[in-house]
There are 2 protein chains.
Amino acid sequence: MTSQRAYHHGDLRRAVLTAALDAIRDSGPAALSLRDLARRAGVSHAAPAHHFKDRTGLLTAIAAEGFDLLAGALAEAPELRERGVRYVRFCREHPAHFQVMFTPELLRADDPALRAARDRAREQLRSGIGDLETSERGEDARLAGIAAWSLAHGFATLLLAHNLDEPLEGQDPEGVFRGLTGLLFQGR
Amino acid sequence: MTSQRAYHHGDLRRAVLTAALDAIRDSGPAALSLRDLARRAGVSHAAPAHHFKDRTGLLTAIAAEGFDLLAGALAEAPELRERGVRYVRFCREHPAHFQVMFTPELLRADDPALRAARDRAREQLRSGIGDLETSERGEDARLAGIAAWSLAHGFATLLLAHNLDEPLEGQDPEGVFRGLTGLLFQGR
DNA sequence: GACAGAAACTTGTCAATGCCTAGATTTGGC
DNA sequence: GCCAAATCTAGGCATTGACAAGTTTCTGTC
């Protein structure tokens, strides 16, 4: 999108993003070093700043990309329960994105691209809840929406922080999560 | 406060911990600066290192304290649903602890105090699930345990990251959470 | 096809930070 | 009263993020 053809490097913006995602996956966002990313990409230490302005700018770009990926993943799933599974799958396939997306103090909250992408993702989350609105009362539907998001988000978060390694006993996380949704919506 | 009399400062360990919790609450763990904490406490820049060895050591001490506080809070609650409410209350009263506790890449995983405190908290989480084991089948009880933790943890996490500000419409979070548990355990 | 301007990148610099080492001061046990 | 340990200070080093200024490469236009 941004730069198809590139000047000295090729596509430094993408290279830095990818290297950042690797680093975050391994050591978290706190350990991220712009200068180290520059070294990995083979450019000078100030080159990344031209694409992202800032450390915060880089993380904001990652979060925006993450919300876009999440919105796309959710849009593929037809109904609410399957969207929860996609949410969990997303956090496993894109752990670095996921972690940055939900750490607001690392982000520039007023960034237009971030706001747009986050709104797209929220829209997908909300439209999934619409499935319930017909079968349940309005208030229950709202609660069910919060419950569904909390369940998926909590499961995803605990999973990434290795807090479910023991309880899961090596079982497939997505499969277990399907079981959880069965508990939550057993009355449906 | 904690230790009776102290040497040069009074109780530097507690002072640094408290200042760190304030800083994390405001700006997250990434923005934490040991030198800034030392300045706030009115000591030299290397003084905190003597109590915590390290930046990681300070965060590990915070996490251990957090798990102890959480274990205490959960122990006060009689049954499972109320423990979930305590979990949510804990994250609001101790947001800095909560955030650090579940960010493993910031911590020294093999620290004995951390392991002990985390085990205490896990024991409290697990014993709450025991309430279910009598009324439900074994496999369902295990799933229900994961579900309950995921629900509470997801709600807490989304709450702290200000992702529920809009859906909650200004309602009391604990009250809403009680509603969520009603959905999860409606069959009980 | 040259040229002007913009985009991409480099080099140099500065303040701040984490961590290490060595030394000074205070405390508590004997 | 004295010694050892605990507590804290002072100085230094490598690394980092951010900024400023200059250089190279591309792009659109006449």
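First, the conventions. Residues are numbered from 1 along each chain as its sequence is written, and chains are lettered from A, with ligands numbered from 1, in the order in which they are written. Because the model is predicted, local features need pLDDT of at least 70 and side-chain atom pairs count only at pLDDT 80 or more, while totals for chains, interfaces and linings use all residues; side-chain values use heavy atoms, with hydrogens and water left out.

Now the interface. With contact meaning heavy atoms within 4.5 Å, 40 residues from chain B and 40 residues from chain A take part. Of the interface residues of chain B, 100% are also interface residues in chain A, so the copies meet through the same surface. The buried area is about 3,300 Å², with carbon and sulfur atoms giving 64%; this is the accessible area (1.4 Å probe) that the two parts lose on being put together, summed over both.

What about charged pairs? Between chain B and chain A there are four salt bridges, each a side-chain nitrogen of Lys or Arg within 4 Å of a carboxyl oxygen of Asp or Glu. A:Glu166 and B:Arg126 form a salt bridge, at 3.7 Å from N to O.

Which helices of chain B supply at least two residues each to the side that touches chain A? They are H7 (112-133), H8 (138-160), H9 (165-168) and H10 (173-184), where a helix is a DSSP run of H or I of at least four residues, numbered from the N terminus. H8(B) gives the largest share, 14 residues.

Within chain A, the side chains of A:Asp172 and A:Arg92 also meet in a salt bridge, at 4.0 Å from N to O. That pair links distant parts of the chain, 80 residues apart: A:Asp172 is in the loop between H9 and H10, and A:Arg92 is in H5 (residues 80-93).
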